[in-house]
Amino acid sequence: MTVSCVLFDLDGTLLNTLQDLADAANHVCRANGWPEHSLEEYRYFVGNGIPKLCWRFSPPAARDEATQKEVLARFSARYDAHKEDATAPYPGIDRLLDALEGAGVRFGVLTNKENSLARAVMEHYFPGRFAYVQGALPGVPVKPDPAGVRLLLERMGADPAATLFVGDSDVDIHTAHNAGLPGVGALWGFRTRAELEAAGADALAASPDELARLVLAGAVGRKEAAG
């Protein structure tokens with residue numbers, strides 16, 4: 001498959017944001033006298049958007065709508081103020097982007113992170129590199145619903161038949177397939193090879209450099225189409 005566009009997940013794919021997300025969540029837990037959670041637990045709490053993250057780290061008795069509204073506000077404020085404390089790009093991401101740009105491959109970001117937070121953190125770590133960063137938007141279902149993919153592709157003027165989606169979780173692979181795109185699993189992220197394989201990833205990349213080779217070699221396509 002000749003690729004002219006790559007859509008990336010953000011958390012666990014381009015940026016290692018886990019520590020800052022966990023720290024903000026545990027700050028809210030401490031403030032409310034709730035049990036805190038380990039970094040390993042947060043690997044599985046993230047991926048479905050900040051409201052779902054808040055629901056997951058809250059105890060069952062605090063998952064009502066009114067309490068969750070307060071939790072979301074407190075988490076968002078804390079995370080916004082500390083979202084760059086420990087976050088960093090994964091090694092090799094800049095080389096990957098350089099390789100794609102050099103080959104004329106366009107790229108964008110689709111994340112379940114709140115849109116303004118996503119745009120701010122991407123501009124901080126990749127200034128001027130991503131013209132298209134789309135987070136959670138009012139009225140647009142979050143991943144794995146394909147609506148966000150379709151909206152972003154339309155905004156970019158990109159050809160779905162020449163686009164693939166890269167992410168580190170089953171949510172990302174399901175998102176890709178729901179939108180009719182090949183899904184590539186980023187093995188350097190938050191989740192496991194087993195999860196990505198079980199989700200039906202069309203290819204797996206152990207590093208950003210390997211991903212660049214796969215994309216530029218045209219070595220990724222939907223398994224169903226190939227079979």
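**Conventions**

The model is predicted: local features need pLDDT of at least 70, side-chain atom pairs count only at pLDDT 80 or more, and totals for chains, interfaces and linings use all residues. Residues are numbered from 1 along each chain as its sequence is written, and side-chain values use heavy atoms, with hydrogens and water left out.

**Whole chain**

Along the principal axes, the C-alpha atoms fill a box of roughly 55 × 35 × 30 Å.

Next, switch to a surface. The protein exposes about 9800 Å², of which carbon and sulfur atoms supply 52%; accessible areas come from the Shrake-Rupley method with a 1.4 Å probe, and for residues only the protein chains shown count as cover. Of the 227 residues, 50% count as buried (buried means under 20% relative accessible area, exposed over 50%, partly exposed in between, with a 1.4 Å probe and protein chains only). Among contacts (heavy atoms within 4.5 Å) between residues at least 6 apart in sequence, 63% join residues at least 24 apart.

Colour the charged side chains: there are 22 positive and 30 negative ones, and the centres of the two sets lie 1 Å apart. Here Lys and Arg count as positive and Asp and Glu as negative, while His and the chain ends are not counted; each charge is placed at NZ of Lys, CZ of Arg, CG of Asp or CD of Glu.

**Cysteines**

Select the cysteines. The structure holds 0 disulfides, a disulfide being a pair of cysteine sulfur atoms within 2.5 Å. Cys29 is in no disulfide, and its nearest cysteine sulfur, that of Cys54, is 9.3 Å away. Cys29 has a relative accessible area of 0% and is therefore buried. Cys5, at 1% relative accessibility, also counts as buried.

Move to Thr67, in helix 4 (residues 65–82). Thr67 is partly exposed, with a relative accessible area of 22%. A C-alpha distance drawn from Thr67 to Trp55, 12 residues apart in sequence, reads 9.8 Å.

Then select Asp94, within helix 5 (residues 93–102). Asp94 is partly exposed at 41% relative accessibility. Leaving out residues up to four places away in sequence, Asp94 touches Phe126 and Arg129.

**A cis peptide bond**

Zoom in on Pro144, in the loop between strand 5 (133–136) and helix 7 (147–156). The peptide bond from Lys143 to Pro144 is cis, with omega near 15°.

Continue to Ser169, in the loop between strand 6 (163–167) and helix 8 (170–178). Ser169 is buried, at a relative accessible area of 6%. Residues up to four places away in sequence aside, Ser169 touches Arg191, Glu195 and Leu196.

Finish at Gly183, in strand 7 (residues 183–186). Gly183 is buried, at 0% relative accessibility. Beyond residues up to four places away in sequence, Gly183 touches several residues, including Phe165, Ile173, His177 and Asp202. Asp170 is 13 residues from Gly183 in sequence and 9.6 Å from Gly183 in space, C-alpha to C-alpha.

Definitions and conventions. Helices (H or I, at least four residues) and strands (E, at least two) are DSSP runs, numbered from the N terminus.
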